[in-house]
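Please open the model in your viewer and keep the sequence panel beside it, so that each selection can be followed in both. The tour goes from stop to stop, saying at each one what to select and what is found there.

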Amino acid sequence: MKKTFECDNNLPSLPLPTLEHTLERYLDSVRAVVDENDYNKTKQIVEQFAKGIGRDLHEQLKIRIETQRERNWLAKWWDEEIYFKWRLPIVPIMNMIGFNCLIEPKVDSQLERTCIHMHACAIVFQTIREERYPISYMGKHPLTMYQYKHYFNTCRIPHRECDELSTCFRTVSEDVKSPPTHVVVIHHGRLYTFDLYQFGKLLTPPEILQRLEDIMKRSETNPGLGIGALTALPRDDWADVRDHLCQMNERNRKNLQIIEQALAVYAFDNESTESLTELASISMLKNPQSRWFDRSMLFIVTRNGLIATNSDHSAYEGLIPLQIGDLIQHHIDSLEKITSWPILSTLYNEETVQELVFIHDDYVRASIERAITLFNRSTADIDLLVTSVHQCTKEDIKQYVHIHPDTFFQLCLQLAYFKIHKYKPAPTYETASTRKFFRGRTETLRTCTNEVLAWCRSMTNQQEQYSDKDRRQLFLLAAKRHQQLMSEASENQGCDRHLFGLSMIASLTGQPFELTNDPSWVESGGNGNFLLSTSCCGFSTTVGGTSAMCWNGYGVFYRIGNDATTFVVTAYRSCPDTDAQTLANSIKHTLIEVKTSFVKSNL
């Protein structure tokens, strides 16, 4: 078996599309969401751009790639401009959440389940460190795995103007000496740490449980400072407070380093959750004083033993932590079958668990209070729902519809939105993976097409007579178009990343980027104005999500499993034009309706 990161340096460089292809795809996406008059105006603007400044920008970008010999011309710009230069709080707008849809709650199982989870985490940590984690493939093509190095020992560090991602994770081939193997536990606003290894051996779940019980005993009655809330501040403000803490006392600096370099960080909440919506809400919208939002992976554990995650998005794309989480769960399933562990060889010493106590002043306390206030104000505006549709599974789609399940969901989503928003189209962002290229991340798949709109109109138009055969044919044309665009986007042949690169050249050289002056730029989703921001979380038992991309839009994130299709919908309560519950109901109804129509046609 090949080592996890063996293929990375041999992957092809990220390609640059032709200017003609990019502008053609851009115009296609505009045509679907504006009227004929506006489209013709945009077409003229694009044609002038292609002959003039656009051609110059494209040639300058090509020269830059060639002279700097960049294997991924996009990576540094994308990391900095999209993530690290973001100055607003990263929560609840940017961070991602995730959770398993099938784990049942168990009364007062918080510590029992966490000790097994920590043990399983350490096993996966060692698996990736020894490069025994299997390489992902797209068909026969190996995918870049470098983002998997950001799951453990990784944290975003705030700086004025531009943050950084700091990781001390190393594979054995990179450094025989192990990265830090301690964990941090946050409860009641207090932070504790202990090492998962003793005398070179991984602690057993009962040994970890001893330490967790000690932490609960120490923290149960007296709430702590809640310093983790500072990670919910605007980034420049958090950078200032962090610098202040480090200057105040050397212990503060060391405490921050312990948190930022930990193998993993866990947050214990006092609430029990009974639904997936409640679990998602806890991970995205609650308890900032018992969080550390800068971590690439923060595990949040409820009183009744359900575990959700909150992740900084700069570290990786959402599918990475979900896939690693599935492997952790695989080990948990095996560990839970073990009925007895070796008798504890040494007496537990309370000194193995250290509390991280910060020296602070009025400025720090006021900053924490402000962070909590800002966070609560922002999260109060977010509506979030999780819905499972057991009448529509991956096997149903494959058996009756005979198209890729992701395509099926995306088409149904377009119809669901179309029906509740006065038959208007929604410029839509779907994540497409470009990981077959060196350090590739994503391209945007603009899924709102003329083909899907033709099908939506056939499904809702009562005046014109469409036969079932007509609707079926339009559906299959829309599906074919979606799959074509997904295939192109995975080759970095969409339009958004190339246009972003051209805009960066324009910014660096002081030239105008004329496309943004056209109203169709925003109407079609430009500048983060996609009314539907979506991503397929895969086909296992885990799902995740984040906030809607724009104020008058929705976030829709879904997994299509053997048991059900589960999706997360987010929207802003203050927007009078959107309603998460209404869209969720429409998606559920549409998935069942369209699947049923295919079932009947197969009878």
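What follows is a walk through a predicted model, one selection at a time.

**Stop 1: a pair of packed helices**

Begin by selecting helix H13, residues 405–420, together with helix H15, residues 468–490. Two packed helices are described by the angle between their axes and by the distance between those axes. Here the angle is about 115 degrees and the axes lie 10 Å apart, and the crossing of H13 and H15 is right-handed. To see where the helices meet, show the side chains of Asp406, Thr407, Phe408, Gln410 and Leu411 on the H13 side, and those of Phe475, Ala478, Ala479, His482, Gln483 and Met486 on the H15 side. Sorted by class, this contact is made up of six nonpolar, four polar and one charged residues.

**Stop 2: along H15**

Keep H15 selected and colour its buried residues, which are Phe475, Ala478, Ala479, Arg481, His482, Leu485, Glu488, Ala489 and Ser490. How far apart are the end C-alpha atoms of H15, and what span should its 23 residues have? The ends are 33 Å apart, which agrees with the 33 Å that 23 residues should span at 1.5 Å a residue. Step just past the end of H15 to Asn492, where phi is positive, at about 65 degrees.

**Stop 3: Phe408 and the nonpolar cores**

In soluble globular proteins, nonpolar side chains tend to be buried together. The largest nonpolar core in this model has 81 residues, and Phe408 and Ile587 are those with the most contacts inside it. The element that gives the most to this core is H13, with nine residues. Centre the view on Phe408 and, setting aside its neighbours within four places in sequence, look for its contacts with Cys392, Ile397, Val401, Ile403, Phe475, Leu591, Val594 and Lys595. Another core, of 45 residues, lies apart from the largest one, and Ile135, Tyr192, Ala264 and Met297 are among its members.

**Stop 4**

Select Cys456 in helix H14, residues 450–460. Is Cys456 buried or exposed? Its relative accessibility is 1%, so Cys456 counts as buried. When residues up to four places away in sequence are not counted, Cys456 touches Gln414, Leu415 and Phe418. A distance to draw in the viewer is the one from Cys456 to Ala416, which are 40 residues apart in sequence but 8.9 Å apart in space, C-alpha to C-alpha.

**Stop 5**

Move to helix H4, residues 75–84, and show the buried residues Trp77, Trp78, Tyr83 and Phe84. The buried residues of H4 pack against helix H3 (53–68), strand S4 (154–157), strand S5 (164–167) and helix H16 (496–509).

Most residues other than glycine have a negative phi, and most peptide bonds are trans. Against that background, select Arg69, in the loop between H3 and H4, which has a positive phi of about 50 degrees although it is not a glycine. Arg69 is exposed, with a relative accessible area of 73%. Then go to the loop between H4 and strand S1 (96–100), where Pro92 is placed; the peptide bond joining Val91 and Pro92 is cis, with omega about 0 degrees.

**Stop 6**

Next select Asn153, in the loop between strand S3 (141–142) and S4. Asn153 also takes a positive phi, of about 55 degrees, without being a glycine. At 0% relative accessibility, Asn153 counts as buried.

**Stop 7: helix H7 and Arg242**

Finish at helix H7, residues 235–248, which holds Arg242. The buried residues of H7 are Arg235, Asp236, Trp238, Ala239, Val241, Arg242 and Leu245, and the partners that the buried residues pack against are S4, helix H8 (250–261) and helix H11 (362–379). The 14 residues of H7 should span 20 Å at 1.5 Å a residue, and this agrees with its end C-alpha atoms, which are 20 Å apart.

Not counting residues up to four places away in sequence, Arg242 touches Ile157, Pro158, Leu256 and Glu260.

Technical notes:
Residues numbered from 1 in each chain as written. Predicted model: local features only at pLDDT ≥ 70, side-chain atom pairs only at ≥ 80, totals over all residues. Heavy atoms only, no water. Axes fitted to C-alpha atoms, helices over the stretch in contact; angles between N-to-C directions. Helix = DSSP H or I, 4+ residues; strand = E, 2+ residues; numbered from the N terminus. Left-handed = near helix turned anticlockwise from the far one by under 90°. Contact = heavy atoms within 4.5 Å. Nonpolar A, V, L, I, M, F, W, Y, C, P; charged D, E, K, R; others polar. Core = buried A, V, L, I, M, F, W, Y, C linked by side-chain atoms within 4.5 Å. Buried < 20%, exposed > 50% of the residue type's maximum accessible area, 1.4 Å probe, protein only. Expected span 1.5 Å × (residues − 1).
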